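Dear colleague,

A summary of the findings follows it.

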Number of protein chains: 2
Amino acid sequence: MFNWFGKRRAQVDAPTLKPRSEQTFGGEKIDLSELTPDVVPFLGQVAYFELAVFESLTRAVSEAPNLAAKEGLTSSAGEVLLKHQGVVAELRKLKVDPAEAMEPFAPAIDRFEKLTGGRDWYEMLLGVYLTAGFLDDFFTRMVGGLPKAMAKRLEVLLEPDRAADVIVAALETGMAADPTLASRLALWGRRLVGDTQLVARSALLGSGNQADDEERIEPVFTDLIAAHTRRMDGLGLTA
Amino acid sequence: MFNWFGKRRAQVDAPTLKPRSEQTFGGEKIDLSELTPDVVPFLGQVAYFELAVFESLTRAVSEAPNLAAKEGLTSSAGEVLLKHQGVVAELRKLKVDPAEAMEPFAPAIDRFEKLTGGRDWYEMLLGVYLTAGFLDDFFTRMVGGLPKAMAKRLEVLLEPDRAADVIVAALETGMAADPTLASRLALWGRRLVGDTQLVARSALLGSGNQADDEERIEPVFTDLIAAHTRRMDGLGLTA
């Protein structure tokens, strides 16, 4: 077979950067390939989760305290919408009705969104930022067991924290204007990480032996929590 | 000067389809080039309008009666978001802060969105469909007086009724399930067209002599109302 990349590959002997995911987690990236559940339920769950994040962000758009923040958040909402639409496209390629695939996951994810929705605009924003960051991160570690081409597409599509700079800027503006906000958000961020881990664990349900799984996923959670801590640190909040 | 299109033009002598806009309005398309207001206020108004339509659609997403409708409406919301983002990109190209350009138009458009928001999910959807269709149509007729390249981009960007098929399908499903809905929606559609014309007229404010303008825009409104009537007809509603 003719190898389209043969020549190009041979030329690459300069030192190269590590892929971003490895950089982010410093060292060997632990993945959850062996725990990946069946393709359709996995895609259905991720599609519904991104839809729920999109809805949360659109509420944040509607309730934004000024037009500049509103305008900025539409970009974040647009990025999340692209994630949702990308996963839906994968389902359609498999001739699966997206609504049917998402349906089983709606109640738990709706409950989760309510739980992490916060009491005001800032808590809502921090909730979206931390939970979506955590779970996008988690989902990209589960794609390893999927068909290779699909896994590649999903890994690019679901990259965590895309367009999060707008959210970070809005939170920083709020904390600068109200000195009590930071400590309230720090508490809130600590609470969120617990609930988010429960959702992540439930995503593994049905993928095999629960007791065995626990042992395997522990190091992954250590990584995910480290990333969560970095997000909190970035905002000047103690995790 | 070298004419890039000289050769290609000479080859086109087979009968061609009329451009879509002319087909839609049967006959010579009347435009509002001479009435086009200054570039920045025009873009600011259109950008805010598309943002408001996006927000209305995201409310419709959140309140959708089922997951299939919800999923479908996210596409419509995505299309409208692209319109907003495209206009914002034009403002940024001009080194204009989008929020500042939009600000003056926010109160009137917010009032309009409230007025046309409807009492339930179906009225909300019909409101978005008819008012956005009417005003996108109206705005594309005003681009003629803008710098040529920008006008071209906006005409493509703001094409009315893009992704409206999802909204039409949702309305048809609703009317099939509830025989009283059609007559209520027909009344609602008739009311909307009046309010929408007022907004369109206010978009012409500041563009010159009001009395003169009235005379010139009359035929355009006749066209826009004809398109509105076709949208209503398409739903089986008497306009």
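Four salt bridges are found across the interface of chain B and chain A. Please note from the outset that this is a predicted model. In one of these salt bridges, the side chain of B:Glu71 meets that of A:Arg92, with a distance of 3.1 Å from N to O. In another pairing, the side chains of A:Glu55 and B:Lys70 form a salt bridge at 2.8 Å, N to O. That pair runs between the chains, with A:Glu55 in helix 3 (residues 39–62) of chain A and B:Lys70 in helix 4 of chain B. As a general point, side chains of opposite charge can pair when their charged atoms come close. Over all chains, the structure holds 30 salt bridges.

Polar contacts were also counted: between chain B and chain A there are eight residue pairs in polar contact, both residues having pLDDT 80 or more. On the side of chain B that touches chain A, the elements giving two or more residues are helix 3 (39–62), helix 4 (67–93) and helix 5 (98–102) of chain B. Helix 4 of chain B gives the most, with 13 residues. By class, this side of chain B comprises twelve nonpolar, seven polar and six charged residues.

As to the extent of the interface, 25 residues of chain B are in contact with 25 residues of chain A. Together the two chains bury about 1,800 Å², of which 66% lies on carbon and sulfur atoms.

How are the two copies arranged? Chain B is superposed on chain A by a rotation of 180 degrees with 0.0 Å of shift along its axis, at an RMSD of 0.0 Å. The two copies are therefore related as by a two-fold rotation axis. Among the residues of chain B, B:Thr58 comes closest to this axis, its C-alpha lying at 3.2 Å. The copies meet through the same surface, because 100% of the interface residues of chain B are also interface residues in chain A.

Finally, a word on confidence. The predictor assigns the complex an ipTM of 0.78 and a pTM of 0.81. Chain A has an average pLDDT of 83, and 80% of the residues score at least 70. Over residues 1–27 of chain A, however, pLDDT stays under 50, and the model has 13 contacts beyond four places in sequence for this stretch. Where pLDDT is low, the predicted coordinates should not be read in detail.

With kind regards

Methods:
Residues numbered from 1 in each chain as written. Chains lettered and ligands numbered in written order. Heavy atoms only, no water. Least-squares fit on C-alpha atoms with pLDDT ≥ 70 in both. Contact = heavy atoms within 4.5 Å. Buried area = accessible area lost by both parts, 1.4 Å probe. Polar contact = N/O pair within 3.5 Å; in protein donor to acceptor, adjacent residues only side chain to side chain. Helix = DSSP H or I, 4+ residues; strand = E, 2+ residues; numbered from the N terminus. Nonpolar A, V, L, I, M, F, W, Y, C, P; charged D, E, K, R; others polar. pLDDT = per-residue confidence, 0-100.
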